[in-house]
Amino acid sequence: MKSRARKFITARPITNVAIHLMTNQLRLGIAGLGTVGTGVLDLLIRHEPTIADRCGRPIVVTAVCARSRSAKRGGHDIKAFTWFDDPVALAESDEIDVFVELIGGEDGPAKAAVEAALNAGKHVVTANKALLAHHGTALAKLAEQSGVALNFEAAVAGGIPIVKSMRESLAGNQVIRVFGILNGTCNYILTKMEAEGRDFAEVLKEAQELGYAEADPEFDIGGFDAAHKVACLTALAFGTQVDYASIYVEGIEHITLADIRNAGDLGYKIKLLGVAVETSDGIEQRVHPTLVPKNSPIADVDGVFNAVAVNADFADELMLEGRGAGAHPTASSVVADICDIARGIILPAFGIPASRLKPYQRARMRAHEGGYYVSLELYDKPGEVAAVASIFSDSDISIESIVQRGPTVAGVRDTAPFILITHDTLESAMRTALKRIEGEGHAASRPRMIRIERL
Ligand code: HSE
């Protein structure tokens, strides 16, 4: 050993491969050096010795791939790394042990490169929720066939360690429900509307000007970003195959300031929740604006913050709150996944072997049972409230509380907002009742409902 080591030092230049063999370092190839990629470099450099101590080996970036070679990367000199133009070539390179995918997108280069890495026997760490929501089961199988990790903590709620908590800390529990505020943009908008008494459109415009919301915000405010995260949480919680296409999705674009105020008067706040829950009809996966009781912990999660709560049979209730986006919180999760690999902790992506993930059995939304907030613009004349009450009674819907406001427009007495909260009822009954109210001409505009989550 002694003579070989001496020969190594004296007879040849020390190559990257030689250093790797001598130090047992874990070599990373990072594809995508945008906000999160730069955050990962920041973290790995700032905490290099601590991370090496904690993992028992150094973690080094050896190669990178990004759109532009000349872009500024938060002051990092990327010339020190081997450059790849093609993420697939980086994924297959002998210079790396772990492929860190920070490109994004459900298909295209991200998918091709992740598949290439897994096929080449490289561990994968990704922040790509769209990729996992659409191809999670197939990629998990591929990872297992190759005996490598597919880690995705950063894909679900940014800096919140919910994947690890569910995969490891709750491994002995049966999960009953997992739910959360999974989109910071929506939470920011709803929080501002409530706190400042402003309309949705006005707050959205400001959020875009401040860079909190995307120029095309549909993906966030339409609930699709949150649904990607729900798809991953469902598989982790219930051991089912990932099924994004079956998720019921409603965004926050129709929530009015009046809804927020009415809900407030009745003891609730409105949040965009993502929920996965086992019912007698199957597993509900849903994303929609939701009334949550003001005294529930999740009601206090405001602004850009995310939170994920789990009801589990032994651990009971827990909730993790934190930043769901941003360079450093997301980098924190990416690096935690890398550290696991460095420590030799390789677990099935969704907590159980991919071949044992059960087909997802969808619960129909019509079979959903819960409370509802209903907003009606009733004609302001005798008998309308009685007619509505009778329709609800015919559908076996029991009313918990009612608020009738004055006329919508001062001095005009044609219509009046009529708000009610129901006891738990079947969604199919609620839809039938609202259809009748509309069809029989009791309301001047389309009746609206918002689901209530019992917490
Ligand atoms: N756009 C997301 C949000 C962060 O607003 O929370 C990334 O999923």
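Which residues are around the ligand? They are Lys129, Asn183, Gly184, Thr185, Asp220, Asp225, Lys229 and Ala325. The model is predicted: local features need pLDDT of at least 70, side-chain atom pairs count only at pLDDT 80 or more, and totals for chains, interfaces and linings use all residues. Residues are numbered from 1 along each chain as its sequence is written, and side-chain values use heavy atoms, with hydrogens and water left out.

By class, this shell has one nonpolar, three polar and four charged residues. Here Ala, Val, Leu, Ile, Met, Phe, Trp, Tyr, Cys and Pro count as nonpolar, Asp, Glu, Lys and Arg as charged, and the others, Gly among them, as polar. Helix H9 (184-196) and helix H12 (224-238) each supply at least two residues of the shell. Helices (H or I, at least four residues) and strands (E, at least two) are DSSP runs, numbered from the N terminus.

A side-chain N or O atom of Thr185 lies 2.5 Å from a ligand oxygen. For Gly184, a backbone N or O atom is 2.6 Å from a ligand oxygen. For Asp225, the distance from a side-chain N or O atom to a ligand oxygen is 2.9 Å. On its own, the ligand has 260 Å² of accessible area, and the protein covers 82% of this (Shrake-Rupley method, 1.4 Å probe).

The ligand takes up the space of the largest pocket. A pocket is an open set of points on a 1 Å grid over the protein atoms alone, with protein on both sides within 12 Å along at least five of seven lines; a cavity is a set where a 1.4 Å probe fits but cannot get out; lining residues have an atom within 4 Å of a point. A molecule sits in either if more than half of its atoms lie within 2 Å of its grid points.

The largest pocket has a volume of about 1,400 Å³, the space filled by probe spheres set on the points. Its lining holds 49 residues, with Thr35, Val36, Lys129, Glu214 and Ala325 nearest the centre. The lining divides into 20 nonpolar, 18 polar and 11 charged residues.

The structure also holds one cavity of 30 Å³ or more. The largest cavity has a volume of about 40 Å³. Strand S10 (residues 282-293) gives the most to its lining, with three residues.

Technical notes. Near = heavy atom within 4 Å. Polar contact = N/O pair within 3.5 Å; in protein donor to acceptor, adjacent residues only side chain to side chain.
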